[in-house]
Amino acid sequence: MQLNQLTISQAKEGLKAKKFSALEITQDCLGKIKSDNPKINAFLTVCVKEALLQAKKADKQISKNIDDKQALLGIPIAIKDIFCTQGIKTTAGSKVLADYVPVYDATTVKRLKEAGAIILGKTNLDAWAHGSSGENSDFGPTKNPVNQDYVPGGSSSGSAACVASQMALAATGSDTGGSIRLPASFCGVVGLKPTYGRVSRYGVISMASSFDTIGCFGKEVKDTAILLKVMAGSDGFDATAPDLPVPDYPKNLEKSLKGLKIGLPQEYFSQGLDSKVKERINQIAKSFEKQGAQVIEVSLPHTKYALAAYYIIQPSEVSSNLARYDGLRFGADRSFFGPEAKRRIMLGTYTLSSGYYDAYYLKAMKVRTLIKKDFDEVFQKVDLLLTPVSPTLPFKIGEKTQDPLQMYLSDIYTVTANLAGIPGLSVPAGLVDGLTVGFQLLGPQFAEEKLLQVAYQYEKNQ
């Protein structure tokens with residue numbers, strides 16, 4: 001087994017037992033990047049010298065004794081190229097920021113470094129995180145490592161693809177409407193979108209500020225639990241990050257599913273869902289029942305309005321956030337924006353304009369409140385929800401690029417969590433027709449611990 005194929009837990013155990021070094025793991029990851037990245041295009045920047053230097057420093061620390069506070073000491077990870085990294089180019093997948101080098105680290109990056117993680121480089125994404133497929137990057141599309149003719153999902157395409165193709169042990173991502181969960185499902189890895197505000201957004205280039213959520217990818221559920229423990233918590237820089245205690249997510253994974261109530265929202269299993277995806281989700285429900293959980297059909301009546309509301313509010317926030325890229329303070333001017341960024345700027349500016357604000361934006365915000373209320377009410381009856389991540393299997397590169405509406409429909413089962421600010425977890429559920437499919441667990445705000453426990457029990461019993 002190559003060392004780059006290890007999970008975080010396996011790597012930590014091996015490093016502690018002195019079976020191998022952090023330098024050896026890092027070299028294996030860099031070797032895999034060198035051989036596979038030209039085909040997959042998961043990384044935009046590879047930090048070879050910096051990563052090897054960090055690995056050597058980690059080995060010196062490990063030789064003395066692993067510091068328990070450094071939960072990721074010697075673990076090579078990748079960072080989505082929307083997180084500011086001090087001294088390392090940060091492009092947000094856009095040529096507007098092609099040469100931008102931040103002078104500080106995002107809170108998440110700072111915490112990962114403090115925990116001993118080794119930064120391998122920055123991963124590709126749909127420019128400004130605008131996309132569901134990974135095809136909107138100004139630096140070329142990311143390809144799905146399972147089948148390179150297919151999309152890996154977006155916008156965190158490079159992060160999911162690099163973990164799935166064993167280039168990194170884990171990666172960070174951001175999720176505004178499904179941008180972690182969709183690529184996790186399409187690439188066959190675990191993707192966690194925490195509660196809005198659970199992880200600070202400080203230093204992460206904004207897409208739509210009231211939706212943006214910082215999360216991660218791992219090869220197994222425990223990896224995401226380890227990462228979340230490091231990343232979570234307020235930092236004094238993000239007013240939307242509440243000062244709540246951070247549970248010991250990896251320590252508390254072992255919990256029986258007996259007595260747990262899991263809801264199947266009927267609106268997520270109606271017209272438009274691929275029959276093979278539906279069949280797989282029903283199999284997952286049966287496996288939870290075998291483990292002692294009770295599966296109940298529930299209703300989220302305002303779900304049918306979610307996509308419309310999301311694609312009014314989100315472009316409005318996009319148009320506001322992208323206004324700062326005027327060529328004076330950051331990077332190049334607005335002529336460098338790609339077609340998807342221009343589309344969202346125009347949509348957002350229109351819905352916020354005089355005479356249309358009440359008709360569109362205000363109405364969409366009222367719908368958002370109703371969607372959140374639906375979730376609040378349903379979580380009085382059940383502990384968690386089980387749903388598909390996407391209505392379809394991964395689609396071919398180029399298949400939906402000429403039809404933005406079809407592309408936006410990929411987010412139909414994921415945007416609701418961002419509208420309500422609740423956590424969501426995408427877990428691999430095997431192959432269908434040679435392509436990976438995932439299932440989604442949704443829970444009340446700050447229920448990450450429960451989501452991880454349930455997913456861990458599923459994973460353990462496969």
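**Loops, sheet and helix packing**

Student: Where is Trp128 found?

Tutor: Trp128 is found in the loop between β3 and α5. The model is predicted, so read that place as part of a prediction. The name asked for is the loop between β3 and α5.

Student: Is the phi of Trp128 positive or negative?

Tutor: Most residues other than glycine have a negative phi. Trp128 is not a glycine. Even so, its phi of about 60° is positive.

Student: Is the peptide bond from Gly154 to Ser155 cis or trans?

Tutor: Ser155 has its place in the loop between β3 and α5. Most peptide bonds are trans. The bond from Gly154 to Ser155 has omega near 5°, and it is cis.

Student: Which strands stand at the edges of the sheet?

Tutor: The open sheet has 11 strands, in the order β1-β3-β2-β4-β6-β5-β10-β11-β9-β7-β8, and its pairing is mixed. Each edge strand has a single partner, so one side of it is left without a neighbour in the sheet. These strands are β1 (43–46) and β8 (294–298).

Student: What does the twist average from one strand to the next?

Tutor: Take the 11 strands of the open sheet in their order. From one strand to the next, the twist averages 30°.

Student: Is α7 roughly parallel or roughly antiparallel to α14?

Tutor: The axes of helix α7 (residues 221–231) and helix α14 (residues 448–460) come within 9 Å and cross at roughly 160°. Angles over 145 degrees count as roughly antiparallel. So α7 is to α14 roughly antiparallel.

Student: How many residues of the contact of α7 with α14 are nonpolar?

Tutor: Val221, Thr224, Ala225 and Leu228 of α7 make the contact with Glu448, Leu452, Ala455, Tyr456 and Glu459 of α14. Of these residues, 1 is polar and 2 are charged. The nonpolar residues number 6.

Student: Why is the pair of Tyr104 and Tyr202 called tilted?

Tutor: A search of the whole structure finds 19 aromatic pairs. In this one the ring centres are 5.5 Å apart. Tyr104 is in the loop between β2 and α4, and Tyr202 is in the loop between β5 and β6, 98 residues apart. The pair is tilted because its planes stand at 45°.

Student: Is α9 roughly perpendicular or roughly parallel to α10?

Tutor: Helix α9 (residues 306–321) and helix α10 (residues 339–352) have axes 7 Å apart. They pack at an angle of about 105°. That range, 65 to 115 degrees, makes α9 to α10 roughly perpendicular.

Student: How many nonpolar residues has the contact of α9 with α11?

Tutor: α9 and helix α11 (residues 357–378) pack at about 125°, with axes 9 Å apart. Residues of α9 including Ala306 and Ile312 meet residues of α11, among them Tyr360 and Met365. The contact has 1 polar and 2 charged residues, and its nonpolar residues number 10.

Conventions
Residues numbered from 1 in each chain as written. Predicted model: local features only at pLDDT ≥ 70, side-chain atom pairs only at ≥ 80, totals over all residues. Heavy atoms only, no water. Pairing = 2+ DSSP bridges. Helix = DSSP H or I, 4+ residues; strand = E, 2+ residues; numbered from the N terminus. Axes fitted to C-alpha atoms, helices over the stretch in contact; angles between N-to-C directions. Parallel < 35°, antiparallel > 145°, perpendicular 65-115°, else oblique. Contact = heavy atoms within 4.5 Å. Nonpolar A, V, L, I, M, F, W, Y, C, P; charged D, E, K, R; others polar. Phe/Tyr/Trp six-rings, centres within 6.5 Å; stacked < 30°, edge-to-face > 60°.
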